[in-house]
Amino acid sequence: MPRPRAFDEGHVLEQAREQFWATGYAGTRMDDIARATGLGKGSLYGAFGDKSKLFHRVFGDWCTAVVEVAEERLAGGPDAEALDRLSGYVHLMAENTASDTEHRGCLLAKGAAELAQHDPAVAGRSAETMTALLALLRTEISAAQRHGDIDSTADPERLAALLLTVVRGIEAVGKAGLAPETLRDIADTALAVLPIPENRRRLATRRSPVHEN
């Protein structure tokens, strides 16, 4: 019978994530992760495999969390509230980036930029995550169109792609050091260019007071 693990797997993965997040994949050694987690390298290899497998586990968990955050805001509901849900999600992403005072950015973006060209697992997981985000945005845009809050003749796929690009772009320029208020203005501008009837624009540009990580 295998011996039970004498460590908290979730805690170890969290510490490994922090190390990869801080120093990138290439800049992280298993020695660094062993030091950060307090485990020997033998225990790390035995539990998670080599550095690549450990990163894939951490990266996959992060991608899952990214989609879960979007699902919390874009989980569907009354069509009458779809535009408000879209606005809340876009503003939430801007606020999260504005609050990242260390400019670490998103592990999804960092991992994809560093590894996707050469690592099919990272490339595939990144594409899967973006596809899921695009589908959530497209569903809410279609709901807003049914309610008359967004022009029904507009292509929901293209509008979803626009918002996804803006949301991920906010993270990129925020990491580069743009001021928090500029990031918030980008979110407002992106929502303002949607084909929204004039009497509905207040819903799209209202900033949500709720900040989440």
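Predicted model: local features only at pLDDT ≥ 70, side-chain atom pairs only at ≥ 80, totals over all residues.

Visitor: Why are helix 5 and helix 8 called roughly parallel to each other?

Guide: Residues are numbered from 1 along each chain as its sequence is written, and side-chain values use heavy atoms, with hydrogens and water left out. The axes of helix 5 (residues 82-98) and helix 8 (residues 156-175) cross at roughly 15 degrees and come within 9 Å. Angles under 35 degrees count as roughly parallel, so these two helices are roughly parallel to each other.

Visitor: Which residues make that contact?

Guide: Helix 5 brings L86, Y89, V90, M93, A94 and T97, and helix 8 brings L163, V167, I170, E171 and G174; contact means heavy atoms within 4.5 Å. By class, eight of these residues are nonpolar, two polar and one charged.

Visitor: What makes helix 2 and helix 3 roughly perpendicular?

Guide: The axes of helix 2 (residues 30-37) and helix 3 (residues 41-48) cross at roughly 100 degrees. The range for roughly perpendicular is 65 to 115 degrees, and helix 2 and helix 3 therefore receive that label. M30, D31, I33, A34 and T37 of helix 2 meet K41, L44 and Y45 of helix 3.

Visitor: Why does A132 count as partly exposed?

Guide: A132 has a relative accessibility of 25%. Buried means under 20% relative accessible area and exposed over 50%, with partly exposed in between (1.4 Å probe, protein chains only), so A132 counts as partly exposed. A132 is found in helix 7 (residues 120-147).

Visitor: How do you know that H103 is partly exposed?

Guide: The relative accessible area of H103 is 34%, which means that H103 is partly exposed. H103 lies in the loop between helix 5 and helix 6 (107-115) and has a positive phi of about 55 degrees, although it is not a glycine.

Visitor: Which residues touch the most other members of the largest nonpolar core?

Guide: They are L44, L54, Y89, L137, I150 and L163, in a core of 60 residues. Such a core is a set of buried Ala, Val, Leu, Ile, Met, Phe, Trp, Tyr and Cys residues joined through side-chain atoms within 4.5 Å. Helix 4 (residues 51-73) gives the largest share, ten residues. Leaving aside neighbours within four places in sequence, L54 is in contact with L13, A16, F20, M30, I33 and F48.

Conventions: Helix = DSSP H or I, 4+ residues; strand = E, 2+ residues; numbered from the N terminus. Axes fitted to C-alpha atoms, helices over the stretch in contact; angles between N-to-C directions. Parallel < 35°, antiparallel > 145°, perpendicular 65-115°, else oblique. Nonpolar A, V, L, I, M, F, W, Y, C, P; charged D, E, K, R; others polar.
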